[in-house]
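Trainee: I have a model on screen and a list of terms. Can we go through what each term rests on?

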Amino acid sequence: MKSPQQFWDKIAPRYARSPIRDEKSYQKKLAVTQGYFRPDWSVFEFGCGTGSTALIHAPHVRHIVATDVSPRMLEIAEAKARDAGIGNISFRQGTLESLELEAESFDAVLGLNILHLLEDVEGAIARVHALLKPGGVFVSSTALIGALKFYWRMLIPVMQAVGFAPHVSRFDKQALVAMLGAAGFSIDYEWQPNRATVFIVAKKA
Ligand SMILES: C[S@@+](CC[C@H](N)C(=O)[O-])C[C@H]1O[C@@H](n2cnc3c(N)ncnc32)[C@H](O)[C@@H]1O
């Protein structure tokens, strides 16, 4: 199987052109997220892709550090930020494990459509918790592979074998909520646009 960087670099131009699948749900998630933001907030995003969501949120906070494993995704994101004249996003290449970041330095962490793509989901959640200031929020939206219908789950290894799908972790909502709780988060907001997706805002005490 390709590394995550190779996989996502290859599909970056196509990903940048693909439309939002459920515009109404996307707008709701943006609005809920912005309901938490304050103008002086420092925000960290991992798996930012081509930066579309960071660009929308940037005017509502002081600064966003937007990161991704794929340099190709980040090139597109940087070009979009330049074209839009947005100057308060720093784009950095790397993962939650590889990036050097100061503990308790962010008011919010965004992990959108990314948790299910990680091999060590528990480790990622613990790292997010460590990066947040006390009272900070972790905003996540994720596919619940464990809640997919049986035939979709059976299709994944086939698609992976031919290079059409990346690694996925198979948790359901209950398992995700348990992992967040074990890391020290409390669930502040939870919404399921459909049975196989969940949007959660989790708070650090
Ligand atoms: C499905 S896309 C989501 C992009 C964006 N968050 C969105 O909602 O449109 C997943 C993104 O995560 C990135 N990614 C995959 N594995 C990663 C990892 N271990 N660390 C950081 N980024 C990763 C990919 O390069 C890709 O840009």
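Mentor: Start with contact: two residues are in contact if their C-beta atoms, placed from the backbone, lie within 7 Å. The model is predicted; local features need pLDDT of at least 70, side-chain atom pairs count only at pLDDT 80 or more, and totals for chains, interfaces and linings use all residues. Residues are numbered from 1 along each chain as its sequence is written.

Trainee: What makes a run of residues a helix or a strand here?

Mentor: Both are DSSP runs, numbered from the N terminus: helices are H or I over at least four residues, strands are E over at least two. By that rule the chain has seven helices and seven strands. Their pattern along the sequence is α-α-β-α-β-α-β-β-α-β-α-α-β-β.

Trainee: Why is the chain called as compact as a globular protein of its length?

Mentor: The radius of gyration is taken over C-alpha atoms, and the globule rule is 2.2 Å times the number of residues to the power 0.38. For 205 residues the rule gives 17 Å; the chain has 16 Å, which is close, so the description holds.

Trainee: How do you know that β4 and β5 pair?

Mentor: Two strands pair if DSSP finds at least two bridges between them. Six bridges join β4 (residues 106-112) to β5 (residues 132-143), and the two run parallel. L112 stands opposite S141 in β5, and V109 has F138 in β5 as its bridge partner.

Trainee: What makes the crossover from β4 to β5 right-handed?

Mentor: With the strands pointing away from the viewer, the path from the first strand over the helix to the second must run clockwise. Here the path goes from β4 through helix α5 (residues 121-131) to β5, and this β-α-β crossover is right-handed.

Trainee: What makes the sheet's pairing mixed?

Mentor: In general, strands of a sheet pair either parallel or antiparallel, through backbone hydrogen bonds. F138 has A202 in β7 as a bridge partner.

Trainee: Why are β3 and β6 called edges?

Mentor: The open sheet has the order β3-β2-β1-β4-β5-β7-β6. β3 (89-93) and β6 (185-194) each have a single partner strand, so one side of each lacks a neighbour in the sheet.

Trainee: What does the angle of about 160° for helix α7 refer to?

Mentor: Axes are lines fitted to C-alpha atoms, for helices over the stretch in contact, and angles run from 0 to 180 degrees between N-to-C directions. Helix α7 (residues 173-183) lies across β5, β6 and β7 (197-204), and its angle to β6 is about 160°.
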